[in-house]
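Colleague: I'd like to learn how to read a model like this one, feature by feature. Can you walk me through it?

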Amino acid sequence: MLARLQTFSLFGIEAVPVDVEVDVSGGSLPATVLVGMPDAAIRESTHRVARAMVNSGFNRPNDRIVVNLAPAELPKQAATFDLPITLGILAGSGQVSTERLADYAVVGELSLEGSTRPARGALSIAMAAARQKRERPRDGRPLKGVVVPAASATEAAVVADIDVIPVSSLAEAVQFFSGEIDIPPAPPRVDEWFDRFAAYDIDFADVRGQEAAKRAICVAAAGGHNIAMVGPPGGGKTMLAKRIPTILPPLSAAESIETTRIYSALGLMRPGQPLMATRPFRAPHHTISEAGLVGGRSIPMPGEISLAHNGVLFLDELPEFQRRTLEVMRQPLEEGAVTISRAKSSTRFPADFMLVAALNPCPCGYRGDPRRACQCTGPQVEKYMGKISGPLLDRIDIHLEVPAVPYRELASSRAGTPSSQIREAVLAARARQAERFGMLGGAAPRCNARMSSREIREHCRLQPSAAELLRSAVADLGLSARAHDKVLRVARTIADLDAGDSISCSHVSEAINYRLLDRSLWQ
């Protein structure tokens with residue numbers, strides 16, 4: 001007897017429809033054959049499936065079983081094929097009714113006792129099922145819903161356009177498909193998850209001193225600008241970086257779903273948290289490889305820059321990273337996405353993040369520090385700073401000096417500027433940008449950091465004194481054309497924070513001061 005079910009396979013962060021065809025035939029030696037490019041986890045599932053059936057009270061057919069995963073040319077991965085394969089075998093051997101099988105897609109991994117385990121990519125699978133329901137009915141019958149493990153149901157239920165049926169075991173799934181029980185769909189509870197998980201445990205009020213650095217970070221957050229912090233060890237660079245997400249605008253529902261898909265596909269969602277409600281903060285070690293940073297593997301998967309999508313990517317000790325590793329970020333920094341190409345396919349992952357880098361001014365870390373003498377020679381400093389390429393520095397809008405904090409500020413009982421106060425200024429500036437860019441042909445609102453050259457000419461109107469100051473700075477500092485545009489974008493953000501329509505001399509002056517690494521400070 002032949003049974004057919006529908007499931008989904010993850011390809012990157014996208015879920016692709018897969019048909020599971022199971023043929024149970026007698027007259028030959030008992031065997032289970034899997035075809036359709038399954039990976040090792042799926043090939044090993046024959047043993048899990050056999051014991052899960054027996055331990056759940058069903059009979060394993062003593063026949064030849066052929067399981068075909070179509071389309072055959074698509075590589076299949078992950079253990080979420082356990083449940084559909086098992087149900088297909090039971091249906092093919094007449095142990096379960098096939099009446100409801102055409103109405104629901106099925107995903108899920110099984111334990112040996114027959115209980116279900118969480119499924120990676122449950123949100124992407126639910127989104128693909130909803131899309132399938134709208135666009136391509138199967139055999140003329142629209143898909144009613146998707147059956148998922150109970151532990152993944154709250155994540156999948158974020159998609160309101162499809163019924164998400166939670167099952168905790170193989171036996172419960174069989175009862176549902178046989179019509180013995182009705183399982184109500186899991187309710188979407190997006191607002192509840194945002195209320196529960198949207199708070200941060202840290203605050204800029206924890207940082208004593210460094211008010212100038214907080215001002216620069218406020219500018220960076222307001223315009224979505226990349227920022228590099230230069231200073232001696234212990235000055236608070238890491239502490240400041242970790243608190244940047246607390247002043248960024250709250251995640252929208254669309255941003256949350258997009259970010260959650262990435263984390264879910266990699267199995268990085270925290271237990272009990274079905275949705276990302278705060279902006280991600282990623283801080284990879286400087287020994288990370290190129291594939292670890294931008295993504296890789298034979299079947300491409302997201303890297304750290306995609307995990308930082310809609311959030312912050314923090315690179316501490318920037319010159320210690322391999323230069324080739326840093327250079328692969330140049331394209332994602334410009335486009336907000338990364339494309340990974342392989343011989344058989346090409347995959348595009350979102351990577352719209354705010355880059356925050358931290359570095360010492362020299363190998364010993366104390367160049368320019370009044371408390372300790374620097375032991376580095378000029379050539380050593382040049383070699384150290386030379387590890388960062390000019391094109392990469394051009395893509396970092398704000399270069400900020402973070403000096404050591406004086407003792408009187410450390411010992412002060414007065415709290416620093418809180419995140420809530422900085423966030424108010426950031427939100428006000430973002431509102432001005434949304435109003436500005438939202439009028440351009442109905443385009444989605446975005447930040448000043450993403451302005452095109454045409455938009456810079458249109459929206460960055462300089463007062464005469466500001467234009468003269470910028471001309472002098474370009475000549476004296478030798479700024480590239482890209483750095484020139486960066487200064488204008490930052491100046492536009494500073495003007496937005498001041499609620500100004502035009503860019504004044506003080507706005508340009510502050511923006512130029514944020515180009516620290518363009519100056520000859522390392523000679």
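Predicted model: local features only at pLDDT ≥ 70, side-chain atom pairs only at ≥ 80, totals over all residues.

Colleague: How many helices and strands does the chain have?

Modeller: Helices here are DSSP runs of H or I with at least four residues, strands are runs of E with at least two, and both are numbered from the N terminus. The chain comes to 22 helices and 18 strands. Its C-alpha trace spans about 90 × 50 × 50 Å along the principal axes.

Colleague: And what share of the residues in the chain is buried?

Modeller: Buried means under 20% relative accessible area, exposed means over 50%, and partly exposed is in between, using a 1.4 Å probe on protein chains only. By that cut-off, 52% of the 523 residues are buried. As for contacts (heavy atoms within 4.5 Å), take those with a separation of 6 or more: residues 24 or more positions apart account for 76% of them.

Colleague: Which residues of α3 are buried?

Modeller: Helix α3 (residues 82-92) has 11 of its 11 residues buried, running from D82 and L83 through to A91 and G92. After α3 comes G94, with a positive phi near 80°.

Colleague: What about the hydrophobic interior?

Modeller: A nonpolar core is a set of buried Ala, Val, Leu, Ile, Met, Phe, Trp, Tyr and Cys residues joined through side-chain atoms within 4.5 Å. The largest one has 71 residues, and I305, L313, L315, M329, F353 and L355 touch the most other members. Helix α4 gives this core its largest share, 7 residues. Apart from it lies another core of 49 residues, among them A216, V219, V490 and A511. Back to F353: beyond neighbours within four places in sequence, its contacts are N226, I305, A308, G311, L313 and L333.

Colleague: How should I describe a ring pair?

Modeller: By the distance of the centres and the angle of the planes. Rings of Phe, Tyr and Trp (its six-membered ring) pair if their centres lie within 6.5 Å; planes under 30 degrees apart are stacked, over 60 edge-to-face, and the rest tilted. There are 5 aromatic pairs in the structure. Y104 and F177 make an edge-to-face one, 6.3 Å centre to centre with 85° between the planes. Y104 is in strand β5 and F177 in helix α6, so the pair ties together parts that are 73 residues apart in sequence. Y104 counts as buried at 10% relative accessibility, and F177 does at 1%. Ring pairs also link Y104, F176 and F177 into a cluster.

Colleague: How many disulfides turn up?

Modeller: With a disulfide taken as two cysteine sulfur atoms within 2.5 Å, the search finds 0. The sulfur of C218 is 13 Å from the closest cysteine sulfur, in C447, which is too far for a bond. C364 is in no disulfide either, with the sulfur of C362 nearest at 3.5 Å.

Colleague: Last one: which backbone angles deserve a second look?

Modeller: Most residues other than glycine have a negative phi, and most peptide bonds are trans. M37 has a positive phi near 60° and lies in the loop between β3 and α1. E317, also not a glycine, has a positive phi of about 55° and sits in the loop between β14 and α13. The peptide bond from A70 to P71 is cis, with omega near 10°, and P71 is in the loop between β4 and α3.

Conventions:
Residues numbered from 1 in each chain as written. Heavy atoms only, no water.
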